[in-house]
Amino acid sequence: MTSTPDFPPGQDPWSAGQDPTRGLPAPLVPASPAVPGPVVVQIGDLAVTSTVVHTPAGDIPLAGSTWQVNDYWHNEQKIPTWAIVAAIVGFCVLTVFSLLFLLVKQTVPRGTVQVTVTNGPRQYVSRIPVTHQDQVSFIHQQVNYVRSLAAL
């Protein structure tokens with residue numbers, strides 16, 4: 001003889017026509033992750049909020065993070081386009097003097113600024129192309145601001 005557990009009337013989940021979830025606690029719904037808030041600073045492909053640094057490789061907590069900035073840029077000398085055009089057009093009129101336009105040089109700064117964010121075992125390096133000293137200064141200012149946020 002088999003014994004069956006006694007359920008209160010209407011609470012037997014195996015009875016025909018009954019809802020099997022009736023009388024059971026509601027299923028647990030996973031809590032949504034905390035929304036970190038709006039982006040405060042955008043440095044290259046790094047988006048910094050008040051609590052998290054969003055990178056293409058995943059999120060890094062802002063609190064306790066360390067930031068490093070390295071400048072890898074140089075100045076290049078090149079002949080401007082207008083000087084090449086003037087030398088070609090002037091070659092028909094003044095052959096020898098038009099070649100003096102090819103001596104004109106223009107300094108063009110090029111390079112990257114490398115921003116590294118580290119928090120524990122997580123690290124991400126962002127390389128930002130720059131073409132002017134003002135851009136380099138602006139990136140340094142942004143990183144200094146984020147350092148102050150990370151110290152809070």
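**Note on a predicted model with two antiparallel sheets**

1. T118 stands opposite Q123 in β7. This pairing is a reasonable place to start reading, and the structure around it is a predicted model. Nine bridges join β6 to β7, and the two strands run antiparallel. The hairpin that they form has two residues between the strands, and in it G120 takes a positive phi near 65°.

2. Next, the whole chain. There are three helices and seven strands. Read from the N terminus on, the elements follow the order β-β-β-β-β-α-α-β-β-α. The helices are α1 (residues 81-91) and α2 (95-98), together with α3 (residues 133-151). Of the 152 residues, 24% count as buried. The accessible surface of the chain comes to about 10,700 Å², and carbon and sulfur atoms account for 63% of that surface. Among contacts with a separation of 6 or more, 54% are between residues 24 or more positions apart.

3. Among the elements, strand β7 (residues 122-130) has the highest mean pLDDT, 91, while α2 has the lowest, 77. Over residues 28-32 the pLDDT is below 50, and this stretch has zero contacts in the model beyond near neighbours in sequence. Where pLDDT is low, the predicted coordinates should not be read in detail.

4. In what order do the strands of the three-stranded open sheet come? The order is β5-β6-β7, with antiparallel pairing. At the edges stand β5 (66-78) and β7; each has a single partner strand, so one side of each is left without a neighbour in the sheet. The twist from one strand to the next averages 15°. Between β5 and β6, which run antiparallel, there are 13 bridges. Within this pairing, H74 stands opposite R110 in β6.

5. Q114 gives a view from inside this sheet. The residue belongs to strand β6. Is Q114 buried or exposed? Its relative accessibility is 15%, and buried means under 20%, so Q114 counts as buried. Leaving out residues up to four places away in sequence, Q114 touches Q68, V69, N70, Y72, V125, S126 and R127. As a general point, the side chains of a regular strand alternate between the two faces of the sheet.

6. The other sheet is also open. Four strands form it in the order β1-β2-β3-β4, and the pairing is antiparallel. The edge strands, β1 (41-43) and β4 (58-61), each pair on one side only. Here the twist averages 20° from one strand to the next. Strand β3 (residues 52-55) is joined to β4 by four bridges, and the two run antiparallel. V52 stands opposite P61 in β4.

7. P61 deserves a separate look. With a relative accessible area of 45%, P61 is partly exposed. Apart from neighbours within four places in sequence, P61 is in contact with T51 and N119.

8. One aromatic pair is counted. Why is the pair of W82 and F101 called edge-to-face? The ring centres are 6.4 Å apart and the planes are at 80°; an angle over 60 degrees counts as edge-to-face, so the pair falls in that class. The pair links distant parts of the chain: W82 is in helix α1, F101 is in the loop between α2 and β6 (106-119), and the two are 19 residues apart. The two residues also fall into separate accessibility classes. W82 is exposed, with a relative accessible area of 51%, whereas F101, at 34%, counts as partly exposed.

Technical notes
Residues are numbered from 1 along each chain as its sequence is written. This is a predicted model: local features need pLDDT of at least 70, side-chain atom pairs count only at pLDDT 80 or more; totals for chains, interfaces and linings use all residues. Side-chain values use heavy atoms; hydrogens and water are left out. Two strands pair if DSSP finds at least two bridges between them. Axes are lines fitted to C-alpha atoms, for helices over the stretch in contact, and angles run from 0 to 180 degrees between N-to-C directions. Contact means heavy atoms within 4.5 Å. Buried means under 20% relative accessible area, exposed over 50%, partly exposed in between (1.4 Å probe, protein chains only). Accessible areas come from the Shrake-Rupley method with a 1.4 Å probe; for residues, only the protein chains shown count as cover. Rings of Phe, Tyr and Trp (its six-membered ring) pair if their centres lie within 6.5 Å; planes under 30 degrees apart count as stacked, over 60 as edge-to-face and the rest as tilted. pLDDT is the predictor's confidence in each residue, from 0 to 100.
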